[in-house]
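Please have the sequence and the structure open while reading.

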Amino acid sequence: ATPDGYPTKVLVGRYCMPDLDRYRDAAREAISSQLGGFDERAAEMISSIPSAWPALIGALVLAVALGYVHLFLLRCCAEVFIWISIALSVLGLGALGAYLWLSASSETVESRLPEDLQLSKSASLSADEEHCYKIASIVCWVLSIVALCMACCLRSSIDAAAACVEVACEAIFEMPTLLMAPAIKAISKGLLSVGLLYGFLLLWSVGDTSGYDTPLSTAFNATANLLNTSAADAPHITHTQLQNIMLIFYMFVAFWILAFVNALYQFVVAYTVATYYYAPYEEEDDHFIDEKDVEGCCTALEGFHVGVVYHAGSLAFGAALIAILQTIQKVIEYSELKNKEAGDNKVVACVLCICSCCVKCLKDIVGFINRNAYIDMAITSNGFCTAARRALQMVIELGGAMAILNGATYVFAFFGTVFITVACTAATYAAAGFPPFTDQSSAFYVESPLSAALVGAVVSFLVALSFMDVFDMASDTLLYCYGVDIQSGKEDHTAPHALQELVHNHSDHHEEDGHGPG
């Protein structure tokens, strides 16, 4: 007999999944009982995200706008603005946590649906969503406390380097093309990430679709029969050893491409800021004024040309180191998920956790060395290995001042990132609660606003990192250039006064404590 037909949607260009808008109740029970593995849950989540694309684009635009506002305010009043950002971040995280907790306690997501679409026979989905909302609220509260503690502990670093951050922002605004760098990086990396992710999903879809021969039409004509299907017959995807190697290699190449783009971006910023640093101060009435005589309309484009033509190999080498460590880290994370699905062996979990911590620590160290090596390459045109060796020497020589400046810029970047991410996440969540995202007959219907908010948080977080990285890189470049001047005996030539005060004040305190020369 010919089986009954039912509406479907195409997923990743290969799988025909049931149309949840037409058979929501049956599809929920089928998916919750059969597609319980990590791969299946990930595929289900990804397939539901595209309907929220207008809200996600809005989050992207808002994040870019807030990033520029953040840089402008840092240029004008860094110290005042950072304390305002800290207060808003702490209060925003606390308020968001309270809102999520109250939403989970008062009514679940499912209770807001019409009665004919609620799962009257099983409340497991509602309980799971309520649990997720409460966990998210606790995470927000913990982050709020952490942010408050960091603000109190790093107060001296904020005051010491606020002037230097203002100088770095001044350098950014003096170089017009550098102002476009964060937006260009965010858009290019975003498009690259989406394209690479889609390619990964296509490669992942070549696995064996064992269990998909189960007659899903029976599930939608008689859901009870499908719920009685044994676990062995449940739909799942398996990959051969060769396919797993292909997936890992693809992941490595994808990370390498993204790391190269990030390395080129850091080199361009360092090259542009170094040009600003070495520009002479303007002279007026036989004395120098506190303004640089620099024309930087095309300096970033020149830095891009120099990086691609003369330093592409060095940048690719540094990016490869990061990509290798990122790939190892993701393999470990996937192994941890599989270990939990297989019974959560405590010994295996402990070993994987130790390996993950070691790889993450090593990745952070390599990233810090690469960052300073790219600055040295932009100043001296050395190769990667020589630049990395010189960067380590510079870190040792300017360790104290670099620690203060890095601590301050980290605080600015941390709270700026938190503020932008919280604002955009809240905006995405709020937008997903209004039509057409709540209209089940609409193509933009979002079943879980929390899922859309999480994706919006990731998008805004990546955009915020692009903006925070530009002035962090600018600050590091200014300090590194001053270190090169100190070594060559030209420390008062073109260095900004705030930078000189930071380095010499730290040197004076260092000598007063009995650790300096003499």
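Axes here are lines fitted to C-alpha atoms, for helices over the stretch in contact, and the angles between them run from 0 to 180 degrees between N-to-C directions. The model discussed below is a predicted one. Two packed helices are described by the angle between their axes and by the distance between those axes.

**Packing of α7 and α16**

- Helix α7, which spans residues 181-204, and helix α16, which spans residues 449-488, have axes that come within 9 Å and cross at roughly 145 degrees.
- The crossing in which α7 passes α16 is right-handed.
- On the α7 side, the contact involves P182, A183, K185 and A186, and these meet V463, S466, F467, D469 and V470 of α16.
- Sorted by class, this contact of α7 with α16 has six nonpolar residues, one polar residue and two charged residues.

**Nonpolar patch on the surface**

- A nonpolar patch on the surface is formed by W101, L102, I138, W141, V142 and V146, which together have about 510 Å² of accessible area.
- Helices α3 (53-106) and α4 (124-153) each supply at least two residues of this patch, and α4 gives the most, with four residues.
- I138, one of the patch residues, has its place in helix α4.

**Salt bridges**

- The structure holds eight salt bridges, and among them is the one in which the side chains of D364 and K360 meet, at 3.4 Å from N to O.
- Both D364 and K360 lie in helix α13 (residues 346-380), where they are four residues apart, about one turn of the helix.

How values were computed. Residues numbered from 1 in each chain as written. Predicted model: local features only at pLDDT ≥ 70, side-chain atom pairs only at ≥ 80, totals over all residues. Heavy atoms only, no water. Left-handed = near helix turned anticlockwise from the far one by under 90°. Contact = heavy atoms within 4.5 Å. Nonpolar A, V, L, I, M, F, W, Y, C, P; charged D, E, K, R; others polar. Patch = residues over 30% accessible without salt bridge, like charges linked within 9 Å, V, L, I, M, F, W, Y side chains within 5 Å. Areas by Shrake-Rupley, 256 points an atom, 1.4 Å probe, with all protein chains shown as cover. Salt bridge = Lys/Arg side-chain N within 4 Å of Asp/Glu carboxyl O.
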